[in-house]
Structure formats: structure tokens, C-alpha cells
Amino acid sequence: MKSQNVIRQILKSIQDNDIVICTGEKICKEVFKYHKTGYLYLSKENALSFAIGVANGTDKKLFLLCDDNYALRNLDVFLQAASSRCSNLFVVVLITGCYDEIKYMPNIISNVSNMSGLFFSMGFIVHDYTKKLLKKDYKEIEATWTRARGPLVAFVYVEPGYSSNLPDLDLNLEKNLLEFSDFVKNKQLGTSMFIPPLPLDDNMVLLEEK
Amino acid sequence: MIFMKAKDFYDLMCNKLNYRFFSGMPFKEVKFLFLGMSPDFMHYVPATKPDSALGMAYGVRAAGFKSCVILDRECVDGLSFGFPLPIIIITNEPSNNVSDNFYLKDDSISLEAFVTRSEKGKTPVTISIGDGS
């Protein structure tokens, strides 16, 4: 399964009022083809800690898209993310098993016997969408995310490589950050986080009884 | 020379100036600052490394809330500030990595005025404190 197809399908499962933060040059360029307000492109290593901070300050769902190399370099920050208990934080990790720059040079991820177990022990809810995306079942992923609460990590195993001739990101960081910040602070957009239909009140009375 | 109790510091930063999110890694000089923390007026997240603390503070700032980071000078020297957002860094000594610093022993400008001025900028500023001994 190619990463550009996976990214396209994942973005279809994300609502308009959700926040998307991408990290990694190739992923940022792929996502930029489908740019909307609320998408932030970071080439920095502190993208996940930035995402934790944003998730702490908003009730909107936040998706971070990264690759397995980023995850391996920042396992300590993933631990921080899991312990933050931010229910609106969803991390999608595209696992290629090799380095971006040298296409078939493997990284150590294939030697990790149980990636899901590792992240589960940290405190994440762990999903694997490889089979669903192979079947192009993005509606089911969308339905899962509608009711899911984080912190959640979704793994997707993809083929190495990205689209060729990706256009450069035509965005100034300051301008992108300003638009992003306005989007996050905009409470009128609401949130796609699942809200139970009844108020969580000790003195809860059913509507019929009233 | 300004001496300030931790309670008064938090009263100023949290209740008056509305800095509600703190993150960082403790060091010796901020022992009383940590003892004075309370979830009644602030939210503190312990960080695994200085870059995480800074990243979280930037994220909270981007979400519209004022944030502070508590790190010692050596950690501040090693940071790279990639976002054009104003952050307060509480540290023990001024750092060459940050151009604007408030030294709590300096009475030429009040802390409140310094913090208010820094909010209009796009770069982090530091507040250097001692442990009062």
C-alpha cells in the first residue's frame, strides 16, 4: 500500500473541525496537496510535544501524522503523550521500516517484536488500520474515530517511498501558525469529540420522567 | 533587590497575568516555586526533556493560553526556538540563547511590566530567580 494513498484515505476520515499536525518533509508535502485551515506543517522534532500542548488547550480532535523514524527518535515524547491522558490526541504512524533518505535501508523497527504492545504499555489505545486501508474501508475508520477517545496511536504499514515531484510547501511558518492558532481558538466550529447524549449528573433524571 | 514569596509570584503570574500552564524540569533554585504550586490556579506538566517542555508550552500558547517553562540555564542554552510565539522561561541565570532577561534582583522595571511587554513580542524571554538564601 502506498503512503500517498494511505494519507489520502486518512484525511478523508478526518472531520472539517479537526486539527491536523504533520511532521516530516515528505508527509508534510503529501498532506499539503489536501490543505485546509487547521492543518499545520512542522519539520521540527518537537512536533509531538507541540501537539500535546495544543491538545491540552482545546476540545477539538487533534491528529498528528508522522512516520516510524520520527516515532523511534521520540519514544520519550510518546511516553509523555500517553501520560498526558489527552482524550483528543490521535497519532497516526506510517510504518515504512526504512529510512526516508535511502529507500531500502532498514531501521530497527522490524527488530521490535511487539510495537503495539510497546505503545499499549505506555498507556495508548492502539489500533492497526493496515487491513482496513487495504480494503479502502475509510468509512469504518471514520466511524471508529467518531466514538474513540485518545490518547490513541494508529499504525499503518506502508511501502517505502512517496509521490515523486511533490511541490514545495508554499507556506510561511508564521502565517501558517497564525491561521492554525485562529482555527484552534475558534469555539464556534465545535468539536467532533464524542459527547454522551445525556448529561453526566448525579441527580440525573430521565427526560420521560420529567 | 526584589524578594518575592512563591505565593506572591504565582498570584502575579497566574491570577493577575493569567499564566496557567507550566512545564519543565526542576532544579535547586526553584524548590520553593515547586512547593508553592497548586492545581487551584495552574496546571503543571513535568517534562521528560527540555525540548518537550518548550514544545508543550508553544502548543498551549498556540491554543490561546499563556504558558511558562521552568528550566535551568544549561537546558535553556541547548534549546532551539522555532516558533514565533512569546513564552516565559523561568531559569536560574540569564542565558546567551535568549536576548531579553529579567533578573529578579533588578528593580529598574517591575516583573509585571516586563511580562506584559514580552507578550507583544514573538520570542521567549527569561526570568532569572534565586532561592532567596
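Which backbone oxygen does the side chain of Ser13(A) reach? I looked this up before anything else, keeping in mind that the model is predicted. The side chain of Ser13(A) comes within 3.1 Å of the backbone oxygen of Gln9(A).

**Entry: Ser13(A)**

I placed Ser13(A) in its chain. Ser13(A) sits in the loop that runs between helix H1 (3-12) and strand E1 (19-23) of chain A.

**Entry: strand E3 of chain A**

Next I checked strand E3 (residues 62-67) of chain A. I found that 6 of its 6 residues are buried, so the strand is largely enclosed by the rest of the structure. I noted a general point here: side chains in a regular strand alternate between the two faces of the sheet. For E3(A), I wrote down each side. Leu62(A), Leu64(A) and Cys66(A) are buried on one side, and Phe63(A), Leu65(A) and Asp67(A) are buried on the other. Both faces of E3(A) are therefore covered.

Which strands does E3(A) pair with? I found E1(A), joined to E3(A) by 4 bridges and running parallel to it. Within this pairing, Ile21(A) has Leu64(A) as its bridge partner in E3(A). I also found strand E4 (residues 89-95) of chain A, which is joined to E3(A) by 6 bridges, again in parallel. Here Asp67(A) stands opposite Leu94(A) of E4(A).

**Entry: chain A against chain B**

How many residues of each chain are in contact? I read 20 residues in chain A and 23 residues in chain B. Interface size is often given as the accessible area lost when the parts come together. For chain A and chain B I noted about 1700 Å² buried between them, with 63% of it on carbon and sulfur atoms.

I then turned to the polar side of the interface. There are 6 residue pairs in polar contact between chain A and chain B, counting pairs with both residues at pLDDT 80 or more. The rule finds 2 salt bridges across the interface. One of the entries I looked up is Asp76(A) with Lys49(B), whose closest N and O atoms are 3.4 Å apart.

Last, I asked which elements of chain A give two or more residues to the side that touches chain B. They are helix H3 (47-56), helix H5 (75-84) and helix H9 (173-185) of chain A. By class, this side of chain A has 8 nonpolar, 8 polar and 4 charged residues.

Notes:
Residues are numbered from 1 along each chain as its sequence is written. Chains are lettered from A and ligands numbered from 1 in the order in which they are written. This is a predicted model: local features need pLDDT of at least 70, side-chain atom pairs count only at pLDDT 80 or more; totals for chains, interfaces and linings use all residues. Side-chain values use heavy atoms; hydrogens and water are left out. A polar contact is a pair of N or O atoms within 3.5 Å; within protein, one must be able to donate a hydrogen and the other to accept it, and residues adjacent in sequence count only if both atoms are side-chain atoms. Contact means heavy atoms within 4.5 Å. Buried area is the accessible area (1.4 Å probe) that two parts lose on being put together, summed over both. A salt bridge is a side-chain nitrogen of Lys or Arg within 4 Å of a carboxyl oxygen of Asp or Glu. Ala, Val, Leu, Ile, Met, Phe, Trp, Tyr, Cys and Pro count as nonpolar, Asp, Glu, Lys and Arg as charged, and the others, Gly among them, as polar. Buried means under 20% relative accessible area, exposed over 50%, partly exposed in between (1.4 Å probe, protein chains only). Two strands pair if DSSP finds at least two bridges between them.
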